[in-house]
Amino acid sequence: INAEYMGDAVYDMTIAYQGSRPPHWFALLCGKHRGEEIHIHVEKFKPDDLPTEDAAVSKWLMSRYEANDQMLADFQTTGSLPGGK
């Protein structure tokens with residue numbers, strides 16, 4: 001990852017919701033979603049803390065996908081994401 005191109009941080013967001021249809025992004029941004037409860041988990045990473053070599057970046061990204069998949073699986077039984085109520 002080239003820190004020169006990413007600004008001051010990389011944000012990893014996980015969004016979880018109840019129901020069969022995901023909320024539309026535009027509706028979320030405008031505050032006009034269908035009223036379902038939406039849970040958002042955000043982690044911030046400083047560019048200097050991220051790997052720079054291709055293999056290490058791939059490994060880091062895979063670890064993020066795995067962590068997010070686990071959060072979503074846990075959400076199905078707990079109804080919340082880490083740090084939530």
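Predicted model: local features only at pLDDT ≥ 70, side-chain atom pairs only at ≥ 80, totals over all residues.
Residues are numbered from 1 along each chain as its sequence is written, and side-chain values use heavy atoms, with hydrogens and water left out.

Helices and strands are DSSP runs numbered from the N terminus (helices H or I, at least four residues; strands E, at least two). A salt bridge is defined as a side-chain nitrogen of Lys or Arg within 4 Å of a carboxyl oxygen of Asp or Glu, and 2 salt bridges are counted by this rule. In one of them, arginine 64 pairs with aspartate 12, with a distance of 2.8 Å between the closest N and O atoms. This pair links distant parts of the chain, 52 residues apart, since arginine 64 belongs to helix H2 (residues 54-78) and aspartate 12 to strand E1. Arginine 64 and aspartate 12 are both buried, where buried means under 20% relative accessible area, exposed over 50% and partly exposed in between (1.4 Å probe, protein chains only).

A salt bridge also joins the side chains of glutamate 43 and arginine 64, at 2.6 Å from N to O. Glutamate 43 is located in strand E2 and arginine 64 in helix H2, so this pair ties together parts that are 21 residues apart in sequence. Glutamate 43 is partly exposed, because its relative accessibility is 26%; arginine 64 is buried, because its relative accessible area is 13%. Through shared partners, the salt bridges join Asp12, Glu43 and Arg64 into one network. Arginine 64 touches Asp12, Glu43 and Phe45, not counting residues up to four places away in sequence, contact being defined by heavy atoms within 4.5 Å.

Phe45 also takes part in an aromatic interaction with helix H2. Rings of Phe, Tyr and Trp (its six-membered ring) pair if their centres lie within 6.5 Å, with planes under 30 degrees apart counted as stacked, over 60 as edge-to-face and the rest as tilted. By this rule the model contains 1 aromatic pair. The ring centres of phenylalanine 45 and tryptophan 60 are 5.2 Å apart and the planes lie at 90 degrees, so the arrangement is edge-to-face. Phenylalanine 45 lies in strand E2 and tryptophan 60 in helix H2, so parts 15 residues apart in sequence are tied together. Phenylalanine 45 is buried at 16% relative accessible area, and tryptophan 60 is buried at 18%.

Threonine 14, in strand E1, is buried with a relative accessible area of 3%. Its side chain makes a polar contact of 2.7 Å with the side chain of asparagine 68; such a contact is a pair of N or O atoms within 3.5 Å, of which, within protein, one must be able to donate a hydrogen and the other to accept it, and residues adjacent in sequence count only if both atoms are side-chain atoms. Residues up to four places away in sequence aside, threonine 14 touches His39, Ile40, His41, Asn68, Met71, Leu72 and Leu81.

Valine 42, found in strand E2, is partly exposed with a relative accessible area of 45%.
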